[in-house]
Amino acid sequence: MNEVFDELKEELRKALLDVGFEKPTEIQSLVIPKALKGIDVAMQARTGSGKTAAYLLPIMNSMVGKVTESLVIVPTRELALQVASQFTYFNKYLGFKHAVVYGGVPYDGQISSVRDASLVVATPGRLLDLVRKSYIDLGRVDYFVIDEVDRMMDMGFIDDVRVISSLAHNRRQTYAATATLPREIYELLRSIMRNPVFLRTGNHEYELPLVDQVVYLINGFWREKYGVMTKELAGKSIVFANTRERAYRLHRQLSRDYYALLLHGGMKQYMREKVLGRFRDADGDAVLVTTDLASRGLDIIDVELIINFDVPSNPETYIHRIGRTARLDRKGRAVTLATKSELQVINAAANLSGSRYKLMVLNE
């Protein structure tokens, strides 16, 4: 085991070996030694680089099991569940209790679980609801994490983040994780962290994993796009559509010949979790048809292929979509079906990320 992990307590080292974490990723190598010294750390790294473990491991190394000892706030329910899942892996030999708090589901189970939880993973709105109703006291928090800060800002949660930070005023250490670090986020973090060290990997505003990117230049007709897509489909794949209606249509067609699942923002939370669980557990070929609900925060490490059936409206979304593959240094492939006018989005994404793609022209 790498010397960075050797600094962790034995229970964590054993759990890491059990889940196959033999050596740290680049961001983990940068963050963990600083974090273990009690320094506030803001980390910037590409999607799939291991940021969650970079903050969970040093926090768990320092925890003693007090109620509400650690708090992780995240922008989405799906990310909350994924952070809790990683915590469960690392917690195998420690036995800390945890709670996951997010909206769209009844309060009772969450109220019960936060009463004796040492680590709470929460979305801002539901967390503040529980605080106002006196079910959770953020004054007890020692370790505070703001995950996906850039998306928190995109989704309008920054005022909530400031309120939560002020309520957790007794904390000993603060972490922040982000894929991008524009000036407004940098200034926000400087205002709520104590002399933070900023650690980053890569040289571009957006860092991508090593994804083999292929773009098919097409006319844009549904039948043509569907034909190209089905020739490419293989292994565990995610197919992105721009609207819920187009996702429905794609799912109906694909279900005739593939094990296809559908995910979108109009589904009830329990159904979303059920779909994600089925996709995560699927062996071999499986297709998840989704809107941009799954473009960020979805961490399923064995996704082999991303297909942009529709090109997104902005380069940032394109980058986040294709970042759902090649997780933790695995190989991945991204196929995009684009008209000539849509190439500007893909070219902008390439400039932002310093990446390249192969252009395949079907209609000359």
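1. Buried area is the accessible area, with a 1.4 Å probe, that two parts lose on being put together, summed over both. In this predicted model, local features need pLDDT of at least 70 and side-chain atom pairs count only at pLDDT 80 or more, whereas totals for chains, interfaces and linings use all residues. Residues are numbered from 1 along each chain as its sequence is written, and side-chain values use heavy atoms, with hydrogens and water left out.

2. An assignment of the protein chain gives domain 1 (4-200) and domain 2 (211-361), the bounds coming from an automatic or database domain assignment. Domain 1 and domain 2 bury about 1,500 Å² between them, 42% of it on carbon and sulfur atoms. Of the area that domain 1 buries against domain 2, Thr47, Glu78 and Gln82 supply 36%, more than any other three residues.

3. Across this interface of domain 1 and domain 2 the rule finds one salt bridge, defined as a side-chain nitrogen of Lys or Arg within 4 Å of a carboxyl oxygen of Asp or Glu. Glutamate 78 also forms a salt bridge with arginine 272, in which the closest N and O atoms are 3.3 Å apart.

4. Isoleucine 307 counts as buried because its relative accessibility is 0%, where buried means under 20% relative accessible area, exposed over 50% and partly exposed in between (1.4 Å probe, protein chains only). Leaving aside neighbours within four places in sequence, isoleucine 307 is in contact (heavy atoms within 4.5 Å) with residues including Met229, Leu233, Phe240 and Val335. Isoleucine 307 and glutamate 245 are 62 residues apart in sequence and 17 Å apart in space, C-alpha to C-alpha.
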